[in-house]
Amino acid sequence: MAEQTPVRHETDFRDDVVAAVKELGSGDTRVLDAVVERIEDWTGDEAWRLLLVLPRPRGSAWDVEATAELKRRAREILDTRAETYGVRLDGVSAATLTTRDAPESEVAPPDEPEEGESPDSPETDE
Amino acid sequence: MLRTAAKLAGKDAGPGRPALCDLRRATSTAYYALFHQILRHGVVAAVPTATEAEISRVARWFTHTGVRQSAGWVVSAASSNAPRKEDREAVQLLRGGPCQGVPPQLLQVAEAFIQLQDARHLADYSNDYDPIRYVTIDHVDTADLAVRATWSMWRAGQSTKQSRLDVHDSYRRFLHLALLKSGGPRAR
């Protein structure tokens, strides 16, 4: 007999994951918000990506052991819920971080084209 | 490479906005630092007596996709979810062995590799790369932590403690799977 998996609406899955991960973290690694995306990763597989929105770090960077633990726990929540909701994908899921609180001094402006270049000029072979 | 990545990311830099090209290069360099460390250990695990010239040649047998696949199997082996049918053999191998499970250091390396590979792809090819210095520094720090974990697992092979030897065994399984999935020697 073919294995049956529960089929639920993908929106419920995303909402459930976001609610669960917002319980994670503390201090400047507490999760303020999260976004669940279905992407095609660079190997061509469809995979879930979980973007965790944190406050900006207190110092110049977040504590890397805290962020590693946070990303792991978030990914485990994502994978477990994906199994429950029957929305597992072939690619490996992963969690990434960002912040919406970065001051301008910490955000890189778009690169300016170098003198003599334009966005449309073809690259020359050397 | 990690020192270069840290410098490009502007760790401990003074005031002033970072340059986007520097952040992109920092992420890419961080990824390659971990990738090349895994490759070096993978070569020596496969060919313990390899000379430096041989290490350089055999390292090219590894592919980014092959290492990623092996890292994905590690993540799957550490999960309570049942693996996909096509992954079962590899996952069983990683779950087996004296550790009877995935050591935390190996999971840390596998997760870091996948995260950094994705980030590197965005850094090198995409306009969706996140231009926030904190995020880039986290890439660099993640690579640093993972490289340290690879060394801890590698050196565990010289330990007199059985638990450390078991961790080393698990790391070697990951490395061998990475080489197998990379396809081995190729015509050039």
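In this predicted model, α6(B) gives the most to the lining of the largest pocket, with six residues; helices here are DSSP runs of H or I of at least four residues, strands are runs of E of at least two, and both are numbered from the N terminus. The space in this pocket comes to about 690 Å³, a volume being the space filled by probe spheres set on grid points joined across faces, edges and corners. A pocket is an open set of points on a 1 Å grid over the protein atoms alone where a 1.4 Å probe fits, with protein on both sides within 12 Å along at least five of seven lines, and lining residues have an atom within 4 Å of a point.

Of the 27 lining residues, A:R49, A:T96, B:D118, B:L122 and B:D128 lie nearest the centre of the largest pocket. β1, β2 and β3 of chain A, with α6 (104-125) and α7 (133-155) of chain B, each give two or more residues to this lining.

The three strands of chain A form an open, mixed sheet in the order β1-β2-β3, where pairing requires at least two DSSP bridges. Because β1 (33-40) and β3 (94-99) of chain A each have a single partner strand, one side of each is left without a neighbour in the sheet. Six bridges join β2 (residues 46-54) of chain A to β3(A), and the two run parallel; here A:R49 stands opposite A:A94.

Residues are numbered from 1 along each chain as its sequence is written, and chains are lettered from A in the order in which they are written. Local features need pLDDT of at least 70 and side-chain atom pairs 80 or more, while totals for linings use all residues.

Conventions: Heavy atoms only, no water.
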